Amino acid sequence: MSKRQNYQDWCKNLVIPVTTQALNSAREELVYALNRINSLEPVVSTAALHSKFVILGRYGDSPLIDQACAPDEIKPLHDEGYIIKTLSQQGKEYIVITSRTDRGALYGCYHFLRLLQTGQDLSNLEVREEPVNTLRLLNHWDNLDGSVERGYAGDSLFYRNYGLTPDLTRIRDYARLLASIGINGIVVNNVNVYEEETRLISDRLPLVKTLAEIFRAYGIRVFLSINFAAPIQLAGLATADPLATEVKAWWRQKAAEIYREIPDFGGFLVKADSESRPGPFTYHRTQAEGANMLAEAVKDFGGLVLWRCFVYNCQQDWRDTSTDRAKAAYDHFKPLDGQFAENVVLQIKNGPMDFQVREPVSPLLGGMEETNQLLELQITQEYTGQQIHLCYLVPQWKEVLEFDTYARGPDSFVKKVVDGSLFQKKLTGIAGVANIGSAPNWTGHSLAQANLFGFGRLAWNPHLPVEEITEEWVRLTFGSEQVVVATICRMLMSSWRIYENYTAPLGIGWMVNPGHHYGPNVDGYEYSRWGTYHRADHTGIGIDRTVRTGTGFAGQYHPENVMRFETPQTCPEELLLFFHHLPYTYRLQNGKTIIQHIYDTHFDGVEQAKGLKESWESLRDYLDEERFTAVLDRLKLQIEHAKEWRDVINTYFYRKTGIPDQRGRKIYP
């Protein structure tokens, strides 16, 4: 019997004993997917009328479900966890998908569909799955005018001309997409909250209510970014001082208004005292005092305050070599550890800078032992090709999650920080800056969808191997033809290092055009108010961040990592110039000098980009014309842009050093 026929036998009858909003969503997903996967129109009933069927529901909804799971099996299950089993009893063969909650049953439904799409055997299922991380959030940087800050996939999915987009069906499809990868919270506006966006908590709240109704059906809570100065802008108060009585009262009243309209509202995301955004520093208050004031306002409603740790001096003098932007978040927040309210969660970028192609893990991850923490990742490719270049970021994120902080001795991995197990915290998890827009294929570059999928799977379970996530996405997206799976997996898995090769070397980062951050400009930010990033002169390159002779950033880690980063000999070479200023003639472990490494990687990166295109072209006969052509066009652009990176970077350092390429390749003098 073929798998397709086998699936039809199992799935032609669906039993859903009880209906709730989320279970209704699950029913619709099963019916829709079975039609698409197996050309099957399943019969849906509330009772088992046939001898072979799939039954979906909560524990307690049906004796058939209850008989499948012992109480001690279901009781410890996480609210969003689920069980999938194949059973044969009382003359019936059936597959049960169950959970303690309807949200868990919905996630179980999506898992079951993944099994079908990837061709798994259904005859002996024994699945028990629950999320490792409590909070699995997306941050949208959408503006009410329809634009998206750092958005590379078209306009906003949500907004047009200061109202909602007329295509609410597209938003519903997006909610379905997110639920299928386990996302349970979404921030629906930009962290840089401008005047119009501030009104989302006042007269434009009905827009948010409509979005919340759509996402609620898929187990997703809506959050809002808020402007810390909203009491001034919206109510005309003279101050936004978080300790002022009138400010506290205003926020309590505002929270009550929001929760009356949206009872399951998630809470507020706050970017304060950062890049000219208002915050508690204006009133000589701490970040904890600012966050706790808002936390008190939403506490009784079950709301959270997600407080971003992206706080640094963006008005620094580049001449001041003692100021180090990398140190800022730790310096601001570490002294406040233990002072934040229980419903405050600090949102910490994966690195100390700003989503570069390579930077060390933020020392705050492992440094804040008494505070709830979210790891913040950037899915949208601001510094990694902007969804024009193929740059699969899941391997990078996996490295971050596997980084050992040594906060509780060896094996104190970041993934244990963000799942709460290391410091025994319940409100922890992962947030990602979304890469979605109005583009017909969601992400502009079809292969950039893999980053969103991979983010969701890692947020659900950071222990999953990258290879497993990657193959799963390829099979779900392009089918199971082995040559297609192997080729696209290989392209994805190599793409991050390829992008790094032709862009910024050895942990330097940046070297981009100011403002839009696309394309090479070695000194683009080197003499600006935002900081200084490479300090290249004619003899050497890199920032000395050591404790002994530099800015001291390396000292923010636990001792084992301080020792590792403190000397060039023990520092991981991919981060060498982030921590050390070294001569161009310094030899790496492979015997190459730094300058030769720069030349070689940039020449190699272009050839590797060409290899991506050749790999994709080999799949012409296996793929539909629309997707094949769209991706091919992006890969052609990537090659041309990689050449520009190669020539600009290599020429800059050749002119700086006067040291020629040992292999005599063309560099423009």
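This tour goes from ring pairs to the core and ends at a pocket.

First, some housekeeping: this is a predicted model, where local features need pLDDT of at least 70, side-chain atom pairs count only at pLDDT 80 or more, and totals for chains, interfaces and linings use all residues. Residues are numbered from 1 along each chain as its sequence is written, and side-chain values use heavy atoms, with hydrogens and water left out.

**Stop 1: ring pairs.** Select Trp616 and Phe628. They make a stacked aromatic pair, 6.1 Å centre to centre with 10° between the planes. (Rings of Phe, Tyr and Trp, the last by its six-membered ring, pair if their centres lie within 6.5 Å; planes under 30 degrees apart are stacked, over 60 edge-to-face, the rest tilted.) Trp616 belongs to helix H20 (594-617) and Phe628 to helix H21 (625-657), so this pair ties together parts twelve residues apart in sequence. Helices here are DSSP runs of H or I, at least four residues, numbered from the N terminus. Both Trp616 and Phe628 are buried, meaning under 20% relative accessible area with a 1.4 Å probe, protein chains only.

Now pick Tyr652 and Phe653: this pair is edge-to-face, at 5.0 Å and 75°. Tyr652 and Phe653 are buried too. The count of aromatic pairs comes to 35.

**Stop 2: a charge over a ring.** Show Arg170 and Trp442. The charged end of Arg170 sits over the Trp442 ring, 3.7 Å from its centre. (The rule: NZ of Lys or CZ of Arg within 6 Å of the ring centre and within 35 degrees of the ring normal.)

**Stop 3: the core.** Which residues touch the most other members of the largest nonpolar core? Select Tyr174, Phe215, Trp251, Trp307, Trp616 and Phe653, out of 204 residues. Such a core is a set of buried Ala, Val, Leu, Ile, Met, Phe, Trp, Tyr and Cys residues joined through side-chain atoms within 4.5 Å. Zoom in on Trp251: ring pairs link it into a cluster with Trp250, Tyr259, Phe265, Phe268 and Phe301.

**Stop 4: the pocket.** Finish at Gln117, Leu177, Ser180, Leu476 and Thr477, which lie nearest the centre of the largest pocket among its 34 lining residues.

Notes
Helices (H or I, at least four residues) and strands (E, at least two) are DSSP runs, numbered from the N terminus. Buried means under 20% relative accessible area, exposed over 50%, partly exposed in between (1.4 Å probe, protein chains only). On a 1 Å grid over the protein atoms alone, a cavity is a set of points where a 1.4 Å probe fits but cannot get out, and a pocket is an open set with protein on both sides within 12 Å along at least five of seven lines; lining residues have an atom within 4 Å of a point.
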